[in-house]
Amino acid sequence: MIHFIGAGPGAQDLITVRGARLLGEADVVIYAGSLVNPALLEYKKEDCKVYDSAGMTLEEVLAVMEQAERAGEETVRLHTGDPSLYGAIREQMDALDKLGIFYDVTPGVSAFSGAAAALQAEYTLPDVSQSVIITRMAGRTPVPEGERLRKMAGHGCTMVLFLSTGLLEEVERELMDGGYGPDTPAAIVYKATWPEERVYRCTVSTLAETARKNRVTKTALITIGGFLGKEYERSKLYDPAFSHGCREASR
Ligand code: SAH
């Protein structure tokens, strides 16, 4: 059996209880060494075999899984954050289906949740934004034309950009061409929840400069939108004048 597990955004104790248990039972661990905090490997068994997938191809990863399966071993495939986002798990699952190898998936805390915690912010504020667009700037990996950053920017809602820290000049241009004003608040969150976490607050027009000044080139998320500002409406849910299924209005 192969267990795909979300390792969380970085902090050693932000893996789920289930993820940590499965990791502790595994005979083989294949982890994405470029992004998964190696401290998580402390949860594994002493004699567990460890592979860093950073330098491996899909075929090599699958070969390790097949070999473990033949030996009757449990394998954990540890992905950063939540495996459903930019995790390349679909191609692994499809290949395992062909090989007749069973697998399951344990979710993880995505870096975008880690970034909100680092910012002490709420992405969905009444009267500011009720939607979050998670996307990336097209780079060496293309993005479908309908999802071009300037088109997504047209909604003016909260945005979180993965995998885009090296392309911030283009990001600024696309966001402003799409409709965000240059002074729209933005933030770069570097290594959210890691010990070396850093938060750089700026605006849409100063993203590239802020990253350059602070030498941030990777392992960061770009967040954009009015949720980083001061203005919002308080929630209806906790408003004394608002009745709902669990509470009558008190005035
Ligand atoms: N599946 C992961 C994302 C993998 S893509 C998740 O759910 O979080 C890798 C990108 O995620 C990085 O290039 C970076 O943009 C972002 N990232 C991963 N961990 C991060 C962290 N701790 N802080 C900020 N960004 C992070």
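1. What covers the buried residues of helix H4 includes strand S8 (185-190), strand S9 (198-203) and strand S10 (220-224), where helices (H or I, at least four residues) and strands (E, at least two) are DSSP runs numbered from the N terminus. The helix itself spans residues 111-119, and its buried residues are Gly-114, Ala-115, Ala-116, Ala-118 and Leu-119; buried here means under 20% relative accessible area, exposed over 50%, and partly exposed in between, with a 1.4 Å probe and protein chains only. Just after H4, Gln-120 takes a positive phi of about 50°.

2. A caution on the source: this is a predicted model, in which local features need pLDDT of at least 70 and side-chain atom pairs count only at pLDDT 80 or more, while totals for chains, interfaces and linings use all residues. Residues are numbered from 1 along each chain as its sequence is written, and side-chain values use heavy atoms, with hydrogens and water left out.

3. Gly-179 follows H6 and has a positive phi, near 135°.4. Tyr-200 is found in strand S9, and it counts as buried because its relative accessibility is 16%. Leaving aside neighbours within four places in sequence, Tyr-200 is in contact (heavy atoms within 4.5 Å) with Ala-186, Ala-187, Ile-188, Thr-210, Asn-214 and Val-216. Tyr-200 and Glu-60 are separated by 140 residues in sequence and, from C-alpha to C-alpha, by 38 Å in space.

4. His-79 belongs to strand S4, which runs over residues 75-79, and it counts as buried because its relative accessibility is 6%. When residues up to four places away in sequence are not counted, His-79 touches Phe-4, Ile-5, Gly-6, Ala-7, Val-36, Gly-87, Ile-89 and Gln-92.

5. The chain is divided into domain 1 (2-106) and domain 2 (111-228), with bounds that come from an automatic or database domain assignment. The C-alpha centres of domain 1 and domain 2 lie 28 Å apart, and eleven residues of domain 1 are in contact with twelve residues of domain 2. Between them the two domains bury about 810 Å², of which 73% is on carbon and sulfur atoms; buried area is the accessible area (1.4 Å probe) that two parts lose on being put together, summed over both. On the side of domain 1, Pro-9, Leu-85 and Tyr-86 supply 61% of the area buried against domain 2, more than any other three residues.

6. For the chain as a whole, the secondary structure comes to seven helices and ten strands, and the C-alpha atoms fill a box of roughly 60 × 50 × 35 Å, taken along the principal axes. Of the 251 residues, 43% count as buried, and among contacts with a separation of 6 or more, 66% are accounted for by residues 24 or more positions apart. The chain exposes about 13,500 Å², and carbon and sulfur atoms supply 50% of this area; accessible areas come from the Shrake-Rupley method with a 1.4 Å probe, and for residues only the protein chains shown count as cover.

7. On charge, the mean positions of the 27 positive and 35 negative charges of the chain are 4 Å apart. Lys and Arg count as positive and Asp and Glu as negative, whereas His and the chain ends are not counted; the place of a charge is taken as NZ of Lys, CZ of Arg, CG of Asp or CD of Glu.
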